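Here are my notes on the model you sent. Please read them with the structure open.

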Amino acid sequence: MTKQLTWKQLWLACMVGSVVIHVSSGLFIATRDHHRVEKVQAVKVKIVEQPVVAKAEPPPPPQPPPPKEKPKPKPKPPKVASERKSPPPKPNEPPPKPVQGLSADAMTPGGKVAAPLGNTLMIEDTGERLKEAPDALQGDLSAEPELIRDSIIKPEYTQAAVEAGLEGAAIVEVLVEETGRVLEAELKKRIGFGMDERILTSAKGARFRPRRNRYGRAETAWTEIKFTLQLP
């Protein structure tokens with residue numbers, strides 16, 4: 001006949017069974033982790049060290065060369081006066097002709113002379129004389145510029161001037177040089193219709209007998225040219 005267990009025995013049996021289960025589980029987990037650690041330790045890892053290359057910095061921009069200092073000019077040596085000796089006379093050469101003038105003996109006791117010393121540019125007196133005296137200056141020889149009529153060309157009419165019926169007088173001031181050529185030309189009053197440029201061109205092409213002063217010498221002077229405009 002089977003023996004019935006008490007509740008204390010059941011409780012003790014449960015506790016023993018639980019301990020056995022926990023111990024078995026712990027041994028199993030430890031064994032499994034041990035094998036896993038061994039497998040992990042068996043793996044070889046190869047580490048390759050790569051050289052560290054520094055990034056090259058760009059070269060600095062080229063600097064302009066420093067300005068060169070100009071060399072100071074060397075002082076010029078002072079001029080020393082020297083006497084120039086006359087060249088010796090060549091053999092078989094005639095002696096130089098005497099030059100007119102006063103000698104050093106003509107000087108006064110005070111050191112003054114009334115004429116240059118010898119070796120002047122005075123020519124030798126040959127004794128020739130003028131038969132008649134030159135004419136005296138005949139008064140004032142001055143004259144104003146005079147236009148040479150054949151030298152001026154009449155300006156042609158523009159179509160605008162023809163349509164406007166332009167007529168009348170135009171006065172141009174001109175500067176005439178010593179040779180009679182016109183240097184400058186200016187209109188006293190502008191006309192328009194394209195005629196100003198043609199009138200000035202005609203005035204600049206004119207020729208004059210230049211102005212003369214009281215001694216008859218040509219001079220540069222201002223004068224006027226009068227253009228009479230008439231429809232063709």
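Contact, as used below, means heavy atoms within 4.5 Å.

1. Basis. This is a predicted model, in which local features need pLDDT of at least 70 and side-chain atom pairs count only at pLDDT 80 or more, while totals for chains, interfaces and linings use all residues. Residues are numbered from 1 along each chain as its sequence is written, and side-chain values use heavy atoms, with hydrogens and water left out.

2. Overall layout. The protein chain has three helices and seven strands (DSSP runs numbered from the N terminus: helices are H or I of at least four residues, strands E of at least two). Their order along the sequence is α-β-α-β-β-α-β-β-β-β. Of the 232 residues, 14% are buried (under 20% relative accessible area with a 1.4 Å probe, protein chains only; exposed is over 50%, and partly exposed lies in between). Among contacts between residues at least 6 apart in sequence, 68% join residues at least 24 apart.

3. Ser202. This residue sits in helix 3, residues 195-204. Ser202 counts as buried because its relative accessibility is 9%. Beyond neighbours within four places in sequence, Ser202 contacts Ile152, Ile153, Lys154, Pro155 and Phe227.

4. Phe227 and strand 7. Phe227 is on the covered face of strand 7 (residues 221-229), along with Ala221, Thr223, Ile225 and Leu229. The uncovered face carries Trp222, Glu224, Lys226 and Thr228. Strand 7 pairs with strand 2 (residues 168-176) in the antiparallel sense over nine bridges; pairing requires at least two DSSP bridges. Within that pairing, Phe227 is the bridge partner of Ala170. Outside four places in sequence, the contacts of Phe227 include Ile152, Pro155, Val172, Ile199, Ser202 and Ala203.

5. Core. The largest nonpolar core has 19 residues, of which Val172, Val174, Ile199, Ala203, Phe208, Ile225 and Phe227 touch the most other members. Two or more residues each come from strand 2, strand 3 (182-187), helix 3 and strand 7. Strand 2 gives the largest share, four residues. Such a core is a set of buried Ala, Val, Leu, Ile, Met, Phe, Trp, Tyr and Cys residues joined through side-chain atoms within 4.5 Å.

6. Helix 1. Trp11 belongs to helix 1, residues 7-42. Trp11 counts as exposed because its relative accessibility is 54%. In soluble globular proteins, nonpolar side chains tend to be buried together.
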